[in-house]
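Here's a quick briefing to keep beside the viewer. Load the model, and we'll go through it topic by topic.

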Amino acid sequence: MTIAQLRQYGCRTLREAGILAAETEIRELAARFLGLNRLSPPGFLQQQAQTQQEQAFLEAVRKRCSGYPLQYLLGSWSFMGCELSVGEGVLIPRDDTEVCVRACIDKINARGWTAPRIVDLCSGSGAIAIALAKRYPEAVITAVELSPEAVHYLEDNIRHNGVSEQIKVVSGDIGECYDLFEDGIFDVIISNPPYICSAELPGLQKEVQCEPEMALDGGTDGLVFYRLIAEHWLPKLRTGGILSLEIGEQQGQPVSCLLKAHGRRKTDVLQDLGGLDRAVISEA
Ligand SMILES: C[S@@+](CC[C@H](N)C(=O)[O-])C[C@H]1O[C@@H](n2cnc3c(N)ncnc32)[C@H](O)[C@@H]1O
């Protein structure tokens, strides 16, 4: 088939499979597997695809129709201007996570800090840690992640984004490794932990079910990791330090109450673009 025929076939097939953004997705898949982009020379669409390219493209379309995530097929995804490798075993960074990162940046800037000591708990692909490292080239950042598969992506992403000097990876359980750090050592604690209630996992959309359960499962009430952070990590935050957490849409009130019970006085719940509660930020 020609490149044009493949693109047309792919778009129709994705649409028939009910994929809403079929055109955008096929553009991404055609760029990745057929080399078609805005700079392709005139006549490129009429060229015959090489057999290998054609097979890879058709296989990607087939997998996408079965609910496999577009981002895993592409092998990389962008978060706040940082290109990150992703694949099975690591959570795909979401735009929603910008809410807790941007809130954190605003608070850091308001204090005039240029070299904050930051810990990113449950770091996954490193989306948060890397975005902050690029924003604050003098920041000293620790990224904690338990899954060996995710740590592989995290280290790779740190290298490819040129922030190896700034980010130290701790491969460990946030429920155990807090003892490695002195009390009051961090200016900022930030985290997008697993926060979905265990019972809701089987009902998640197919794409999300391809992502690691360990990145999603927040225990019976979805709050297990917030309790761990409040109990074991808050003491690691200096007086006047910033805590920024991504939350699920129903968790604004319970997470704020939990933090208040652990001595945080000033706590705000922030919304995403859809108006849903998405982050809790606490600065005292
Ligand atoms: C919701 S994902 C967030 C990933 C990344 N921070 C982001 O925003 O894209 C949660 C991450 O927590 C990791 N995780 C789960 N349990 C953990 C634990 N006990 N200690 C450290 N990391 C853990 C998962 O492997 C996953 O990478």
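**Strand E3 and the model at a glance**

E3 is mostly covered, with four of its five residues buried. Buried here takes 20 or more other C-beta atoms within 10 Å of a residue's own, exposed takes 12 or fewer, and partly exposed is anything in between, with C-beta atoms placed from the backbone. Helices (H or I, at least four residues) and strands (E, at least two) are DSSP runs, numbered from the N terminus.

Bear in mind that this is a predicted model: local features need pLDDT of at least 70, side-chain atom pairs count only at pLDDT 80 or more, and totals for chains, interfaces and linings use all residues. Residue numbers start from 1 along each chain as its sequence is written.

**Domains**

- The protein chain splits into domain 1 (3-66) and domain 2 (87-282), with bounds that come from an automatic or database domain assignment.
- Taken over C-alpha atoms, the centres of domain 1 and domain 2 are 36 Å apart.

**The sheet**

- Seven strands form an open sheet with mixed pairing, in the order E5-E4-E3-E6-E7-E9-E8. Two strands pair if DSSP finds at least two bridges between them.
- Strand E5 (167-171) and strand E8 (267-271) are at the edges with a single partner strand each, so one side of each has no neighbour in the sheet.
- From one strand to the next, the twist averages 15°.
- Strand E3 (residues 117-121) runs parallel to E4, and five bridges join them. Asp 120 has Ala 143 as its bridge partner in E4, while Ile 118 has Ile 141 there.
- Helix H7 (residues 148-160) lies across E4 and E5, and runs at about 170° to E5. Axes are lines fitted to C-alpha atoms, for helices over the stretch in contact, and angles run from 0 to 180 degrees between N-to-C directions.

**Strand E9 and its partners**

- Strand E9 (residues 277-282) has five of its six residues buried, so the rest of the structure largely encloses it.
- Strand E7 (residues 237-246) is antiparallel to E9, with four bridges joining them. Leu 245 has Val 280 as its bridge partner in E9.
- E8 is also antiparallel to E9, through five bridges. Here Leu 270 has Ala 279 as its bridge partner in E9.
- The hairpin of E8 and E9 has five residues between the strands, and Gly 275 in it takes a positive phi near 85°.

**Around the ligand**

- Which residues come nearest to the ligand? Of the 22 around it, they are Cys 122, Gly 124, Leu 146, Asn 192 and Ala 215. Near means a C-beta atom, placed from the backbone, within 6 Å of the molecule or strand.
- The shell has 13 nonpolar, seven polar and two charged residues.
- Helix H6 (127-135) and strand E4 (140-145) each give the shell at least two residues.
- H6 is mostly covered too, with seven of its nine residues buried; Ala 127, Ile 128 and Ala 129 are among them.

**The loop between E3 and H6**

- Cys 122 sits in this loop and has a positive phi of about 65° although it is not a glycine. Most residues other than glycine have a negative phi.
- Cys 122 is buried, with 25 other C-beta atoms within 10 Å.
- Ser 123 is in the loop as well, and counts as buried because it has 31 C-beta neighbours inside 10 Å.
- Not counting residues up to four places away in sequence, Ser 123 touches Ile 128, Ala 129, Ala 143, Val 144, Glu 145 and Leu 154. Contact means C-beta atoms, placed from the backbone, within 7 Å.
- Ser 123 and Ser 171 are 48 residues apart along the chain, and 10.0 Å separates their C-alpha atoms.

- Pro 116 is in the loop between helix H5 (98-111) and E3, and counts as buried with 20 C-beta neighbours inside 10 Å.
- Met 80 lies in the loop between strand E1 (76-79) and strand E2 (82-85). Met 80 has a positive phi of about 45° although it is not a glycine, and is partly exposed, with 19 other C-beta atoms within 10 Å.

Technical notes:
Ala, Val, Leu, Ile, Met, Phe, Trp, Tyr, Cys and Pro count as nonpolar, Asp, Glu, Lys and Arg as charged, and the others, Gly among them, as polar. Two residues are in contact if their C-beta atoms, placed from the backbone, lie within 7 Å.
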